[in-house]
Amino acid sequence: MLDANMIVHQKLKPLIIGRSKNPRCFKDAKSLEVGYDFNKKSWMTSEIGEKWVQKLDKCMIAECRKIALVFDNCPTHPKEINPKLKNVTVLYLQPNTTSKLLSMDQGVIKNFKIHYRKRIVRKVITALESNQSMPKINLRESTSEISKAWNYDVTDRTIRKSFAKAGFFVSNENSASTEDEDDNPLEELF
């Protein structure tokens with residue numbers, strides 16, 4: 001799960017959902033660059049989503065910030081949000097409006113996936129060029145590449161454009177440029 005605010009003041013850590021409560025590859029890790037939760041099928045559930053929102057509320061309280069969090073009507077998103085949330089207001093979109101109104105669906109997720117895959121392909125190509133065996137990418141390495149793709153490759157400009165495409169604007173922001181440097185990030189590989 002990816003989340004950022006409209007003015008890209010803050011990109012939250014990506015949330016990864018795995019199958020194991022304590023994956024072996026995390027054994028020696030002191031901290032992770034991503035959030036991690038688990039269930040048998042590695043799926044988002046409303047319980048995981050609710051836990052994530054409560055943790056976000058605690059972070060916003062610590063930062064003395066109030067935010068609005070927009071969810072679509074996906075069954076895995078928490079429906080019964082704890083009414084005791086202090087600094088997070090949860091808003092739900094009407095059915096059948098998701099593809100037009102969720103900013104992350106307006107190009108951010110696609111852009112992130114392209115950059116993540118590009119990083120994995122680079123690892124494979126580097127190994128093949130060095131006559132090494134095919135690299136084994138475990139969950140720990142994958143979380144590292146996910147974090148790098150999100151934090152370094154998905155640009156603030158891409159996020160702002162996605163919010164604008166979904167109809168969200170900041171009154172003092174200048175949106176004169178419409179071309180994004182991230183439209184074709186795989187071109188660099190060829």
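A residue is called buried under 20% relative accessible area, exposed over 50% and partly exposed in between, with a 1.4 Å probe and protein chains only. This is a predicted model, in which local features need pLDDT of at least 70 and side-chain atom pairs count only at pLDDT 80 or more, while totals for chains, interfaces and linings use all residues. Residues are numbered from 1 along each chain as its sequence is written, and side-chain values use heavy atoms, with hydrogens and water left out.

**Overall build**
- Five helices and four strands occur in the chain, taken as DSSP runs numbered from the N terminus (helices H or I, at least four residues; strands E, at least two).
- Their order from the N terminus is β-β-α-β-β-α-α-α-α.
- Of the 190 residues in the chain, 38% are buried.

**Salt bridges**
- The chain holds seven salt bridges, each a side-chain nitrogen of Lys or Arg within 4 Å of a carboxyl oxygen of Asp or Glu.
- K51 pairs with D37, their closest N and O atoms lying 3.0 Å apart; this pair links distant parts of the chain, helix α1 (residues 46-62) and strand β2 (residues 35-38).
- K51 is partly exposed at 47% relative accessible area, whereas D37 is buried at 10%.
- E63 and R65 form another salt bridge, with closest N and O atoms 2.9 Å apart.
- In helix α4 (residues 139-153), E145 pairs with K123 of helix α3 (residues 108-129), the closest N and O atoms being 3.7 Å apart.
- Shared partners join R119, K123, E145, K148 and D153 into one network of salt bridges.
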